[in-house]
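Subject: Structure for you to look at

Hello,

Here is the structure you will be working with, followed by notes on what was found in it. Please keep the sequence and the 3D view open while you read.

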Amino acid sequence: RSAVGAGIRAEFGYKPNPKMADNLGHCHEQGVPFMVLFGEEEMGRGLVKIKDMDAHAEEAVPVGELVPELRRRIAARAERIAAAEAAEAEAAAGKAEAQPAAAEGAAAAQ
């Protein structure tokens, strides 16, 4: 089953001799979180590589595990982003609460 068939948004590079730097630049510009890389060697072994653009890491996985592994990674990334946003909102709320208290303390000192 393909990533697109599984409901995962995907692009395919059609250049006959793509340059990795161009592909990486495109992914960074477009906010693509994962690249799936495969060459003759990987395909001969039944593998593809998933490159995590955030972690700057790649891992080989069996072709048959590509869709479930992408789904797992997409879900984990969404959880990390949600947790970071929640922590950021909590920190902003804490600053907002501390500012009026500081202002009240300064007014009482006068």
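Start with glutamate 41 and arginine 45, which form a salt bridge with their closest N and O atoms 3.3 Å apart. A salt bridge here is a side-chain nitrogen of Lys or Arg within 4 Å of a carboxyl oxygen of Asp or Glu. Glutamate 41 and arginine 45 are both exposed. Buried means under 20% relative accessible area, exposed means over 50%, and partly exposed is in between (1.4 Å probe, protein chains only).

Before the rest, some ground rules. This is a predicted model, in which local features need pLDDT of at least 70 and side-chain atom pairs count only at pLDDT 80 or more, while totals for chains, interfaces and linings use all residues. Residues are numbered from 1 along each chain as its sequence is written, and side-chain values use heavy atoms, with hydrogens and water left out.

Other salt bridges

The search of the whole structure gives 7 salt bridges. As background, side chains of opposite charge can pair when their charged atoms come close.

Another of these pairs is aspartate 54 with arginine 77, at 2.8 Å from N to O. This pair links distant parts of the chain: aspartate 54 is in the loop between S2 and S3, arginine 77 is in helix H3, and they are 23 residues apart. Helices (H or I, at least four residues) and strands (E, at least two) are DSSP runs, numbered from the N terminus. Aspartate 54 is partly exposed because its relative accessible area is 43%. Arginine 77 is partly exposed too, at 23%.

Glutamate 69 and arginine 72 also meet in a salt bridge, at 2.6 Å from N to O. Both lie in helix H3, 3 residues apart, about one turn of the helix. Is glutamate 69 buried or exposed? Its relative accessible area is 16%, so glutamate 69 is buried. Arginine 72, at 48%, is partly exposed. Salt bridges that share partners join Glu59, Glu69, Arg72 and Arg73 into one network.

Overall layout

The chain has 3 helices and 3 strands. Along the sequence they follow the pattern α-β-α-β-β-α. Of the 110 residues in the chain, 18% are buried.

The sheet

Which order do the strands take in the sheet? The sheet is open, has 3 strands in the order S1-S2-S3, and its pairing is antiparallel. Strand S1 (34-37) and S3 stand at the edges with a single partner strand each, so one side of each has no neighbour in the sheet. Neighbouring strands are turned by 25° against each other on average, direction ignored. That angle is taken between axes, which are lines fitted to C-alpha atoms (for helices over the stretch in contact); angles run from 0 to 180 degrees between N-to-C directions.

Two strands pair if DSSP finds at least two bridges between them. S1 and S2 pair over 4 bridges, and phenylalanine 34 stands opposite aspartate 52 in S2. S2 and S3 pair over 6 bridges. Leucine 47 has proline 62 in S3 as its bridge partner. Proline 62 is partly exposed because its relative accessible area is 41%.

The hairpin of S2 and S3 has 4 residues between the strands, and there histidine 56 takes a positive phi near 55°. Most residues other than glycine have a negative phi. Histidine 56 lies in the loop between strand S2 (47-52) and strand S3 (57-62). At 61% relative accessibility, histidine 56 counts as exposed.

Nonpolar residues, inside and outside

How many residues does the largest nonpolar core have? There are 9: Ala6, Ile8, Phe34, Val48, Ile50, Val61, Leu66, Val67 and Leu70. A nonpolar core is a set of buried Ala, Val, Leu, Ile, Met, Phe, Trp, Tyr and Cys residues joined through side-chain atoms within 4.5 Å. S2 and helix H3 (66-109) are the elements that give two or more residues to this core. H3 gives the most, with 3 residues.

On the surface, Phe12, Tyr14, Val36, Phe38, Met43 and Val63 form a nonpolar patch with about 630 Å² of accessible area together. Patches are made of residues with over 30% relative accessible area and no salt bridge; like charges are joined within 9 Å, and nonpolar side chains (Val, Leu, Ile, Met, Phe, Trp, Tyr) within 5 Å. Accessible areas come from the Shrake-Rupley method with a 1.4 Å probe, and for residues only the protein chains shown count as cover. Phenylalanine 12, from this patch, lies in the segment before helix H1 (20-30).

Regards
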